Amino acid sequence: MLLTITTTHRPATDLGYLLEKHPAKCQSFPLSFGQAHVFYSVTREESCTAALLLDLDPIGLVRGRRGGDGPTLGAYVNDRPYVASSFLSVAIAQVFGSALNGRSRERAELATTPIPLKASLSALRCRGGEGLLRRLFEPLGYEVAATRSSLDERFTEWGPSPYFAVEVSGVRCLSELLSHLYVRIPVLDDDKHYFVGDDEVEKLLAKGEKWLPGHPQRDLIVSRFLKKQRRLMRDALERLMGDDDVDPEEKDEERRREEEAVEQKISLNEQRLGAVVSAVKAATARSVIDLGCGEGNLLRELIRDKELTHIVGVDVSPRSLEWAHRNLHLDDLPDRQRERIKLIQGSLSYRDERFSGFDVACVVEVIEHLDPARLPAFERVVFEFARPRTVVVTTPNCEYNVRFENLPAGRFRHRDHRFEWTREEFQGWASRVAGRFGYAVRIVPIGPEDPAVGSPTQMGVFTR
Amino acid sequence: MNIEIPELSLVVLIGTSGSGKSTFARKHFKPTEVLSSDYCRGIVSDDETDQSATADAFDVLGYIAAKRLAAGRLTVVDATNVQPEARKPFVLLAREHHCLPVAIVLDISPKIALARNQDRADRRFGEHVVHGQHRDLRRSLKSLRREGFSHVFVLDGPEQVEATTVARTPLWNNKTHETGPFDIIGDVHGCCDELCALLEKLGYQVSGLPEAPRVQPPVGRRAVFLGDLVDRGPGIVGVLKLVMSMVESGAALCVPGNHEQKLLRKLNGKDVRLTHGLAQTLAQLEPEPPEFKTKVAQFIDSLVSHYVLDDGKLVVAHAGLPAKLQGRGSGKVREFCLFGETTGETDEFGLPVRYNWAAEYRGRAMVVYGHTPVPEAEWQNRTICIDTGCVFGGSLTALRYPERELVQVKAKQTYYESARPFLTEGARAPVIEERVRDDLLDAKDVLGKRIVSTRLHGNVTVREENANAALEVMSRFAAPPNWLVYLPPTMSPSETVTEGPLLEHPREAFTYYQRQGVAEVICEEKHMGSRAVVVLCRDTETARRRFHSADDRIGVVVTRTGRPFFSDSKLEAAFLQRLAGAVTAAGLWERFATDWICLDAELMPWSVKAQELLREQYAATGTAARASLSAAISVLEQAAHGDRGASVATEALSGILGTLRAREVRVGRYIEAYRRYCWPVHELTGLRLAPFHLLATERRVHTEQTHRWHMETLAELCRCDPELLVATPFRIVNLTDVASQEAGIAWWTELTGAGGEGIVVKPMQWVVKSKRGLLQPAIKCRGHEYLRIIYGAEYDAPEHIERLRARGLSTKRGLALREFALGLEGLHRFVEGEPLYRVHECVFGVLALESEPVDPRL
């Protein structure tokens, strides 16, 4: 990984004083994750270029790691040694520390004077593309030049890589350029190689207090720099903005509402949950099982229904259950409440005695995630063996997909959907299942009904 | 006095304090069989005399007793038990576990009891207590039978207690010592001609028909009748005479059916409705002398509800029997044997819907039964119904045990019309379809900590968290379980080379096998693709029959984690059709007398399955590395040679430059390495399959063949479609011959020098055991260049490779052995016709073990 800094201020070789690195030398600095070399490629009076070459130790990086599920192969073969990332930010702070803080023993005045500067990065992963790269630097008066490399010229069909060779130039103090780089590199890369805690907020404030409050991409910068940790983000924004009280969650909420207006997505989800909850109520249920509860969206609604004394959420993914546990704040519930609800791991293609004995089973936006070949097993698990009085099944109506502007024709709504049914297909399946297992079924549209393509979601209420 | 108690019973001792119950129990029962209330009081309160702990103590006692009875173990309750309400829970408990409650009363006079208590420090309670107990005991004596005790023994006074002996008698249904072989015959219903024909087909010599039939079985064999001999058919008397004589002479065993039961009630003068063919029986019995009817009644009365045979491996009962009722004796057991169990609902023909016990059956014993006519006898979870509706125009079926072979005689005509449509043309009745095609798995088959016993490697333990992880993968991503009969084991690399530029080398693998006493190994080229397991049937019919396929596919191609290889089912179908063509052309169906085949293979190119990985990880890393290094090199060159005045730093710069140039070369080679795995594929064009194990065909797992046989047999297959199929190049190495070893090494050097992935070294035999157990079934030796995409582009830089040598193989090798054993176990179980859950348990286990954390670079 290479960073070069060039100035055309005269005498350009004063760059050596600003960086406090002698232009005639090649110096090496040991870092915890490898080495940094500093040398100059051009040292003329009219132009001077200093280079910071970062040499990461790829094997040392992995060896240090402990805990978690253990590294996957990705931990061994990856781009980290070759791209600008938080490693480079750390190296800048360690190797060019005084320059970053605007100090220079020999050229104190020059250190706080804007001079023409250009920084080049050999490879930077830009999450958000060239557009974001420009939106981050251009508001501060930089000129940006970016060249994107292809993934592999042998296989042009693979398309472009996420990496850019980047040049930013402008008339700034060196310390400003360095701190802009220090913050923006990990933001564009969208990763940090170390644990992000409270001191990360201090770093951000120190490097950004001058330019960050008014920056149009402020929230994105704060969010990515702090690895999207809400508490840290709120803390940083509060301190950055002083009295201008900004709550990132509120902001988020606002955005979500905007999105909602465009896609009506959230409201559809709410309508769906509402429809399911009313179907549960209509069944005068005391006990309900949510098959495929995911992260607990429906369970949260069900808990509010005091008539329900026995609520069970089932999911096949242990991770989803952990999230559901957290989202429902199960550990904080009073004992009496806690006893009403239980989360268990289970699969809809295995018969399971723990699914039996419920008034209602909800299967909300689940069946489309099952391979068609597994549907017969699912049908028997629920309708033959669990056999609740009422079964509520929802699934997308794919006819409605043409009304989603963002959805390319012929694509499913979710990458993991194995099928999406038309109204007729769902009706056909529901009637067949009902007939076979002795249930009656009623189909209910959910969401705005379109005269041509129906509603976005369809619900089947099976009763026996 | 000699007491005879059933071998499985709950013995309740009844006696006052000091009557000698504990001494009696010690004398006649194993210490572990006796549950004493005093002892339980001690367990919960540290004080055996603490009366306030009594309720808790009895909870504990009842809990332990329930566990023992569920496991089929005789249990003795040592407590005073002098009041009916104290005994009641034990009678209920025994009933719940379908075993017999036995009461043994120790009637000792209070005087003696008190004298005994005098000597014991912990029994200093008032005399009135013992007197009270004795009064209760006396009052109980008459009512014990009424309370539900099946056996009551009263021992009067210390002498009789002292002189008593206890003997245990086996239940009538316990014939575990009878090992067969057996010919088990389904519901006859008066089809005498068909029965005679079937017996003859089975090799029994029948003579003396019709009046005094005599049957001579083939040597050592014995017939077993599953009941429902009578009603509906034309030859009821003949059948009765035949079967009764066979049972009498020992040529046959017989269990009763519900029709016999009803006939017996009629013969005993009960008021019974003459439906379901009973009228025929009565009409045909009419001309017979009354003595015959009496004999029939006695015969039926003597029949035992079910038999447990052959060391518990076989159970026969008319309507089948769930595991927890086998070998037990109670009214409920008899009821189930005769009638099965119904759900309380009725179907569209007005007949009761049967509880599908066989779908849930997970018992060890094979259960053979009849009762419900089915169009075809089919296995379901180690159970099989062999009532193929002879009297309704179907056939009379026998199951030969232990051969598991079905022998049938077609009905000469339809003698009786079934209420439920039976054998309708085309469509089967839905209820029947459901029952016989049942392959629904139960969460209990896979979840929790599991221990799978394998024939190769003993018990393999699957940890609970691994099972949880596997459940998600299996449910969300894997192919349907009915197709997953095998998953391949992980494979360990060779021991690490200790010096030089290499990490892996064939010499290390040769040394491993040589040390374990293997003389000959095979080296197979490691293909540059993805592991694929192919299950292929000759046709859709075979797929339905053998793999219970619900659609029109003829097979599956799955990855090493059981995921479908192709996301496009049409492409998969085309691929399988093409492969089936090659199998047909190679004559493998006939050669192995099979309709299906299971292959272990490599499917190329890797880019087909790993497109995303190649692009997002490998290509991305390559392009970033190249961009970064070339920029750095040009800036360094500029610095070293440019116009920068005094070049104090030249030496340092050229040092860095040299390092970076070397790194650039390695990155270039890394890019070349991953590119070898990518070539364009359009539908089937460009796809190549390299099969290297012919794992199994009908009735056979081909692990008894050498790997050379597999290579050669599969090469024949590959010749039949050289465009799609690639024979795996191989070399055989004699480990006792240095030149042979060197030739093997030279081959590896040549392959990997050209960028090849490497070789896999296997002992010539599939399964090799040394004194210390199973050997690694295969060891891979990967090429120097290939390892760049595993260990990183620059792994072979001297400063890196030394650190990489420190890698531990033992976890990987342990997993490889356990997965190997599980994989083959599943395959064996499949070819042996074991139920799906038994096969799935193994496949699931392999998947679960794959979630064990292990260095992914190995």
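This is a predicted model: local features need pLDDT of at least 70, side-chain atom pairs count only at pLDDT 80 or more; totals for chains, interfaces and linings use all residues.
1. Quick definition before anything else: two strands count as paired here if DSSP finds at least two bridges between them.

2. On the contact between the chains as a whole: chain A puts 56 residues in contact with 52 residues of chain B. The top contributor on the chain A side is strand E3 (residues 34-43), which supplies six residues. By residue type, that side of chain A splits into 29 nonpolar, 17 polar and 10 charged.

3. Chain A's domains: the assignment has domain 1 covering 2-194 and domain 2 covering 264-463. Their C-alpha centres are 50 Å apart.

4. Over in chain B, have a look at the open sheet of six strands, ordered E8-E14-E15-E18-E20-E19, with mixed pairing. Strand E8 (174-175) and strand E19 (379-380) of chain B each have a single partner strand, so they stand at the edges with one side lacking a neighbour in the sheet.

5. What does E19(B) pair with, and in which sense? The partner is strand E20 of chain B (residues 383-385), and the two are antiparallel over two bridges. There, B:Trp379 stands opposite B:Ile384 of E20(B).

Notes
Residues are numbered from 1 along each chain as its sequence is written. Chains are lettered from A and ligands numbered from 1 in the order in which they are written. Two residues are in contact if their C-beta atoms, placed from the backbone, lie within 7 Å. Helices (H or I, at least four residues) and strands (E, at least two) are DSSP runs, numbered from the N terminus. Ala, Val, Leu, Ile, Met, Phe, Trp, Tyr, Cys and Pro count as nonpolar, Asp, Glu, Lys and Arg as charged, and the others, Gly among them, as polar. Domain bounds come from an automatic or database domain assignment.
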